[in-house]
Amino acid sequence: MNRTTISLLATATALAAITGLAALTAPSSGAETEAKAPARLPVERSSLLCPAPSTSELAETAYTSFTPAGKSGDAKDGTAELKPSAAVLAETDTAPAKDKTKKGDAAKGAKGAKDAKKPAPDKAVLALKEPGKPVAAKASGGEAPALVGTATGRLAPGWSAQQTTTETAGDARGLLGVSCTGPDTDFWFPGASTAKERHDYVHLTNPDDTPAVADIELFGKDGALKTTLTEGIPVPAGSSVPVLLSTLTSDPAADLTVHVTTRTGRVGAVLRAADDKAGSDWLTASADPSGTAVLPGIPADATSVRLVAFAPGEDDADLKVQLAGPGGKIVPAGHETLHVKSGMTASVDLLDVTKGEAGSLILSPSQSGRATPVVAALRVVRGKGDKQEVAFIPAAAPVGERASVADNRAKGSTLSLTAPGAAAEVKVTASAGTEGGTQVVKTYKVKAGTTLAVVPPVPAGLKGSYALTVETVSGGPVHASRTLALPKDGIPMFTVQTLPDDRGTVAVPEAEQDLSVLDD
């Protein structure tokens, strides 16, 4: 008899690097083998989606694409391109001037490619060439489409893209920033609204070659709101669909939690919120439901901070509310705790909680051992009267091994680092500029229970914009955000992006199986 041995190690490694496969289970051979710690290998493919930025003719949008240097493994080649989505469906007006969709017609406006604008040419808006050197592009007016893209090879690990739009006039004026997101099947957006003065759209973008169908649920202070959706929202292949929340329900609600799921396929989902008085910005999804939430980077001069939280499980949540500032944790006066009923949205106005010192909000169980998962976000306002500007800070996952944010300017960027538990040390790398400059590296120590807000390092000889990469060196978990402030005509325009782990590597088990084939 001849005995043939087939190793599955290479196959498992390839699958894990591409899809995030964590384990390969083989039938038991009757003998227990010693478990080995999984190795971490660079991912080989990443996807990103950017929403259509605006329909205003006054809009100016900057796109920036970046992959940090290092941790690309043996990959020598690779591509990273962002291209216009195949179609942007007819109802794409994200400006809050007038609603173009009648109540109850949101799903109808999202049906079929027959309602689509003519597809944009299949030409890359951004094409990244090498790790460590960001590239940028600009678009003017209201015709800029949603973008979809894929990075492969050495450009895949940690690939990120930033979309920053400036609108200097109109009800939707403001600085709108969003880190382009990966496709998924489940998103939570606490902090939305269908109030009269708000005009909030959920943007759904399908990166795949097959159609997707999405569901949108709305939860107010008394629970689920009745909506007009019964069959889901079709999102054609390679297309983007914006849905005006106020068309989904006849019940105005000041504070909402929006839940987006897919019945089939995957989408990228982000929410654009516009306020008649305070301008507009993007709200990205909250971190996954967790018993503890960290919302990093409230500006020192915030004039109004509103917390919105939701408990998606069967149990109510009793949360301790703390502000982590430069000197440690404090309890906001009169707001020591927050009770969140199951399936209901809770909110509280924290006013000017930072009192001139930048900080981060930490939500944790009021009683030890009774952690109830929640999602949360902050609505933050700077300025007063007709000179207000709004931004949103969702609960953020830790930086983990590494995280990046692109489109930083020579002036106007603030990096907030929060260590909710143990003290930590991080390394911050300022990349080369999009048009020139040399990277700079600096380390920071963050004391336990504090927020460290710093002006980040700027590349030597900077030309253009640049990217920041934060890496955990030692200590406990760190949560981070970047604030970009670009004041205009007395309005303190700003936007905040969180920095969760870029998931540039994936755990690959040392899996090897002996498959015996007996030959006669």
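This is a predicted model: local features need pLDDT of at least 70, side-chain atom pairs count only at pLDDT 80 or more; totals for chains, interfaces and linings use all residues.
Local features need pLDDT of at least 70, side-chain atom pairs count only at pLDDT 80 or more, and totals for chains, interfaces and linings use all residues. Residues are numbered from 1 along each chain as its sequence is written, and side-chain values use heavy atoms, with hydrogens and water left out.

Buried means under 20% relative accessible area with a 1.4 Å probe, protein chains only. β30 runs antiparallel to strand β37 (residues 466-475), to which five bridges join it; strands pair if DSSP finds at least two bridges between them. N408 has Y466 of β37 as its bridge partner.

R173 is located in the loop between β10 (160-167) and β11 (174-179) and counts as buried because its relative accessibility is 9%. Its side chain forms a polar contact of 3.1 Å with the side chain of E389. A polar contact is a pair of N or O atoms within 3.5 Å; within protein, one must be able to donate a hydrogen and the other to accept it, and residues adjacent in sequence count only if both atoms are side-chain atoms. A polar side-chain atom of R173 also lies 2.6 Å from the backbone oxygen of Q388.

Four aromatic pairs are found in the whole structure (ring centres of Phe, Tyr or six-membered Trp rings within 6.5 Å; planes under 30 degrees apart stacked, over 60 edge-to-face, the rest tilted). The F187 and F189 pair is stacked, because the planes lie at 15°, with centres 6.3 Å apart. Both residues, F187 and F189, are buried.

Conventions: Helices (H or I, at least four residues) and strands (E, at least two) are DSSP runs, numbered from the N terminus. Buried means under 20% relative accessible area, exposed over 50%, partly exposed in between (1.4 Å probe, protein chains only).
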